[in-house]
Amino acid sequence: MNPTPSQEDMLSADDHAARPPAAAPAREPGATKPLPEDALILIPLRNAVLFPGAISPLSVGRASSVAAAQEAARNDRPIGFLLQRDPVQSEVGADDVYWVGTAGQIVRYVTGAEGAHHLVVQGQARFRVLEFLEGWPYLVARVAMVESAEESGAEIEARFLQLKQLAVEAISLLPTMPDELAGVVQTMESPAQLADMVANLLDVKNEDKQGVLETFDVKRRLDRVLELLGRRVEVLRLSKEIGDKTKKEFDERQREHVLREQLRQIQKELGEDEEAAAELDELNRAIDDSGMPEETLRHAKKEFKRLERMNESSGEYPMLRTYLEWLTELPWKLAAQEPIDLAVARRVLDEDHYGLAKIKRRILEYLAVRKLNPEGKSPILCFVGPPGVGKTSLGQSIARATNRKFQRVALGGTHDEAEIRGHRRTYVGALPGNIIQAIRRAESRTPVVMLDEIDKLGAGGFHGDPSSALLEVLDPEQNSKFRDNYLGVDYDLSKVLFVATANVLDAIPGPLRDRMEVIQLPGYTEEEKLEIARRYLVRRQLESCGLTAEQVSISDAALRAVVGGYTREAGVRNLEREIGSVLRALAMRIAEGEVAHVDVDAPDLQAILGPVHFDNEVALRTAVPGVATGLAWTPVGGDILFIEATQVPGSGKLTLTGQLGEVMRESAQAAVTLAKLYTAEALDKIDLHVHVPAGATPKDGPSAGVAMFLALISLLSGHPVRPDVAMTGEISLRGLVMPIGGVKEKVLAALRSGVTTVMLPRRNQKDLEDVPAEAREKLEFVWLDRVEDAVRHGIGIEVAELFKTDKRAA
């Protein structure tokens with residue numbers, strides 16, 4: 001609701017400057033024309049609605065409005081007030097105003113300075129415009145007065161009383177309302193007059209007020225005003241509640257301040273402030289002894305002086321003290337490094353890991369450089385490979401070989417930049433980021449910090465992008481002045497040896513990948529797994545189960561059976577689980593006193609682990625025409641992929657199934673087109689169906705082209721593909737075999753699956769150097785230039801001879 005209007009806060013009928021009148025109001029030339037008896041002079045109002053019975057101040061400025069007011073005042077005529085539809089519009093016509101308004105009388109007319117015209121008007125009755133008339137310098141219309149008949153009854157009385165109650169409550173919630181207004185409301189006896197009075201005082205949109213003005217039925221008018229007033233009272237209640245809470249909190253703060261001051265005086269009398277002073281002295285000595293750089297030391301001293309001046313009971317005191325403790329506990333001094341012994345480092349790496357010659361050589365190269373140039377920058381290594389190949393444990397071995405502390409930071413699922421760069425101290429519970437926390441735990445400026453699962457960083461959002469925050473950490477040109485948001489000072493990370501791990505290189509953002517030296521760990525051969533199990537896994541699981549080598553021994557044949565029949569993976573994680581299962585079963589027998597010593601051989605495994613989990617599927621699945629064995633790369637290592645093709649009578653249609661990606665579908669279409677070069681008539685009379693089993697697994701990539709072509713040729717010729725041959729390579733429509741990636745992973749997958757011959761694109765011959773010597777010795781490699789080479793070695797017959805001598809496909 002609005003307070004009773006005064007001369008100072010008049011409702012404006014026109015915001016434009018009025019045209020200055022003559023010394024005395026002069027009659028306009030057109031005003032001499034007499035008005036019809038049922039006509040009314042009209043003034044359009046921009047931002048006000050006048051109600052019957054209301055007295056309101058108005059300001060007019062338009063020439064037409066000034067002329068209308070002067071004519072009405074001069075002849076003591078009633079005047080009508082209509083609300084404009086668009087308050088900005090200056091030239092107003094019949095379509096620009098509402099046609100229901102209030103007729104009133106000008107109680108007072110005042111001409112102010114600079115030509116302003118001020119009116120005090122009193123509303124008298126509602127009217128409805130019947131017709132606008134022309135010929136006057138102001139708006140004139142024929143109108144019909146709306147008589148407001150007093151209605152009575154129980155429903156009217158109930159609404160009348162409820163409106164009184166709400167109006168009194170609204171007046172009480174508004175401190176600007178005079179107290180006498182509530183008494184006026186209580187003494188009113190006319191429901192219609194009360195509704196108009198409340199609507200006039202309501203702080204609502206002019207359109208809502210106009211709606212009340214146009215409601216002639218008293219009952220409906222009361223309902224409408226009650227609805228508007230009810231919403232307004234709810235807002236006033238909430239405003240008062242918020243104001244009361246704010247005042248209460250302010251009073252509580254004053255009370256808390258007084259109590260804290262009294263507590264400080266009591267502590268002073270009891271001598272407890274001496275203990276606090278001793279703690280501050282200890283903190284000051286820690287700052288002096290921390291070895292901070294000069295700029296950081298000045299900042300810490302400044303914050304310490306602020307802490308000394310601060311009341312111990314202040315809410316900021318513990319936050320500032322925690323911050324200074326973080327600064328003092330960080331390792332700022334560079335400890336003296338022991339001389340680097342490359343022979344010891346090589347021995348440590350060989351003790352902890354079998355194989356991995358390339359990685360060990362890279363670590364030894366780093367140590368050799370560091371020995372010759374102690375001030376050199378540390379490399380940032382990224383180990384990429386399937387799960388279970390030893391990426392994390394390799395970081396621990398690096399720390400042991402370099403005689404450094406080791407800390408691991410898990411990045412999987414990190415989605416907040418603050419987890420890397422820290423929270424700002426303005427937040428409650430703020431802490432430094434994980435990098436600074438790892439440095440503090442290591443208590444050394446030169447630790448090995450492993451950033452585990454860097455390829456599984458969460459996507460950036462409104463919390464910021466953690467991968468972008470890592471750019472500064474992993475850039476040797478920038479990390480010497482790494483600034484954590486919590487610390488607010490530079491910290492040198494250039495002496496930290498960062499080692500990252502990932503399963504998939506493609507999931508790492510490009511700028512972040514560019515800052516790291518990527519080292520691939522594709523997987524282990526069967527012989528390497530056997531050696532790892534013999535050297536590390538069995539011993540570790542014996543200790544885990546509380547057994548000794550004198551109680552249990554596992555033969556090499558048993559370990560080889562576990563590797564070949566119960567696991568099929570690039571790493572050794574499942575292999576260690578299966579060994580653990582065997583040893584737990586034996587531990588139960590030994591604990592029950594059944595036996596004292598057990599020797600485990602290959603035939604004993606079925607009773608413990610059950611039937612073998614993996615058979616040699618290659619010979620079984622490629623013993624029929626139309627099946628070829630492909631090689632695929634996956635994030636967990638290489639795998640074999642069976643391509644199956646069949647035919648039915650039809651019209652040359654091609655069906656592809658097995659949840660194939662777009663690239664793989666294009667490879668199949670290219671393979672069919674190449675096959676048509678040899679069997680054009682046959683393919684026009686049949687429908688082909690190419691399927692890749694394991695249909696629930698999405699598959700994509702171009703490297704299955706050779707296998708698809710060979711499966712189709714095998715199907716159409718009736719000759720099966722050799723069961724001991726696996727192949728990979730992309731094909732072109734000219735019959736060329738194009739190079740592919742992931743050669744090492746695919747070759748190891750072929751070796752694990754019992755394949756003896758692997759067909760690869762000739763342009764991948766250089767990649768054979770990455771394949772372990774053991775795998776190269778056990779496998780025969782066929783290098784392909786064209787698809788005809790694949791048919792010659794995969795089926796054993798030249799393509800041209802194949803379809804000359806065998807017409808079964810036709």
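**Group meeting: contacts, salt bridges and cavities**

Leu 641 touches Ala 628, Thr 629, Gly 630, Ala 632, Met 664, Val 692 and Lys 699, leaving aside residues up to four places away in sequence. This is a predicted model. Leu 641 sits in strand S18, residues 637-649. Its relative accessible area is 17%, so Leu 641 is buried. Ile 519 is 122 residues from Leu 641 along the chain, and their C-alpha atoms are 26 Å apart.

Now the salt bridges. The structure has 44 of them. Take Arg 362 and Glu 517: the closest N and O atoms are 2.5 Å apart. That pair links distant parts of the chain, with Arg 362 in helix H11 and Glu 517 in strand S14, 155 residues apart. Buried or exposed, what is Arg 362? Buried, at 19% relative accessibility. Glu 517 is partly exposed, at 30%.

Next pair. Asp 288 bridges to Lys 301, with closest N and O atoms 2.7 Å apart. Asp 288 is in helix H7 and Lys 301 in helix H8, so the bridge ties together parts 13 residues apart in sequence. Asp 288 is partly exposed at 43%, and Lys 301 is partly exposed at 24%.

There is also a network of salt bridges. Glu 303, Arg 306, Glu 316 and Arg 425 are linked in it.

How many cavities of 30 Å³ or more does a search of the whole structure find? Three.

Notes:
Residues numbered from 1 in each chain as written. Predicted model: local features only at pLDDT ≥ 70, side-chain atom pairs only at ≥ 80, totals over all residues. Heavy atoms only, no water. 1 Å grid on protein atoms, 1.4 Å probe; cavity = no way out; pocket = protein on both sides within 12 Å on 5 of 7 lines; lining within 4 Å. Points joined across faces, edges and corners; volume = space filled by probe spheres on them. Helix = DSSP H or I, 4+ residues; strand = E, 2+ residues; numbered from the N terminus. Buried < 20%, exposed > 50% of the residue type's maximum accessible area, 1.4 Å probe, protein only. Contact = heavy atoms within 4.5 Å. Salt bridge = Lys/Arg side-chain N within 4 Å of Asp/Glu carboxyl O.
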